[in-house]
Amino acid sequence: MLWTVKFDSLFFYFLEKVFTKLIFNSNIRVAVVESGEKWGIIMLMGEYYHTIDDKGRIIIPSKFREALGNDFVVTRGLEECLFVYPKPHWDKIVSKLNQLPFTKKDARSFMRFFLSGATAMEFDKQGRINITSPLISYADLKKNCVIVGVGDRLEIWSEEKWKDFYEGNKNDLSDIAENLFDSNWMAGD
């Protein structure tokens, strides 16, 4: 018997090896075929320093471009930075926002703030995006910027605001972690 399973990347190479060992003495064989699809799990991480030009263009690091794909959205973030979401994640956020009661003032205010600045983007041939002037103004982007991967999104900061944020929070990291996670969280329980 031959099972054909469509998977991607090294993780699935590992799975093939595990399956082969588990069923070594049987007459079942597993063929792993690359599907060309992404896993669906996006983990954006890292910190990169770039410049924004006079036309509002900034280069996004190649590893982030691959994770974002061809369709993504840039919008106002929290703490005066910009959030950059891959389209599938953006669609989930919008779906959740649409479930908020429009009768609540906070819901209306947040949706106006968050969605009014949202812009669908794509990369140019040099791997740059062209940030709109309202977003540049909101995040106070000048020449030097910091692009930070934070899980499901990127954040684009002015270098000055990033340094202020970083310096203002680095000494409190253990307290922040203690308030967010119970003692067993890091142990995997």
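Modeller: Helices here are DSSP runs of H or I with at least four residues, strands are runs of E with at least two, and both are numbered from the N terminus. On that basis the protein chain has 7 helices and 10 strands. The model is a predicted one. Of the 189 residues in the chain, 29% are buried. Among contacts with a separation of 6 or more, 65% join residues 24 or more positions apart.

The part I would pick is helix 3, which covers residues 87–97. Its buried residues are His89, Trp90, Ile93 and Leu97. Viewed down the helix axis, these buried residues fall within an arc of 100°, so they line one face of helix 3. On the face turned away from the buried side of helix 3 sit Pro88 and Lys92, both exposed. The cover over the buried residues of helix 3 includes strand 5, strand 6 and helix 4.

Ring pairs join Trp90 with Phe83, Tyr85, Phe110 and Phe114 in a cluster. The structure as a whole holds 12 aromatic pairs. In one of them, the ring centres of Tyr85 and Phe114 are 6.4 Å apart and the ring planes stand at 70°, over the 60 degrees that edge-to-face requires, so this pair is edge-to-face. Tyr85 belongs to strand 6 (residues 82–86) and Phe114 to helix 4 (residues 105–116), so the pair ties together parts 29 residues apart in sequence. Both Tyr85 and Phe114 are buried.

Two arginines also sit over aromatic rings. The charged end of Arg153 lies over the ring of Phe83, a member of the cluster, at 4.2 Å from the ring centre. Arg76 is placed over the face of Phe113, 5.8 Å from the centre of that ring.

As for the nonpolar packing, the largest core has 21 residues, and those with the most contacts inside it are Ile58, Ile60, Leu82, Ile129, Ile131 and Ile156. At least two residues of this core come from each of helix 2, strand 5, strand 6, helix 5 (133–139), strand 9 (144–151) and strand 10 (154–158). Helix 5 gives the largest share, 3 residues. A second, separate core of 12 residues includes Trp90 and Leu97 of helix 3, together with Phe114 and Val148. In soluble globular proteins, nonpolar side chains tend to be buried together.

Beyond its neighbours within four places in sequence, Leu82 is in contact with residues including Val74, Ile131, Leu135, Tyr138, Leu154 and Ile156.

For contrast, take a position out in a loop. Asn70 lies between helix 2 (62–68) and strand 5 (72–76), and counts as exposed because its relative accessibility is 65%. Apart from neighbours within four places in sequence, Asn70 is in contact with Met121 and Glu122.

Conventions
Residues numbered from 1 in each chain as written. Predicted model: local features only at pLDDT ≥ 70, side-chain atom pairs only at ≥ 80, totals over all residues. Heavy atoms only, no water. Phe/Tyr/Trp six-rings, centres within 6.5 Å; stacked < 30°, edge-to-face > 60°. Buried < 20%, exposed > 50% of the residue type's maximum accessible area, 1.4 Å probe, protein only. Lys NZ or Arg CZ within 6 Å of the ring centre and 35° of its normal. Contact = heavy atoms within 4.5 Å. Arc of directions from axis to C-beta. Core = buried A, V, L, I, M, F, W, Y, C linked by side-chain atoms within 4.5 Å.
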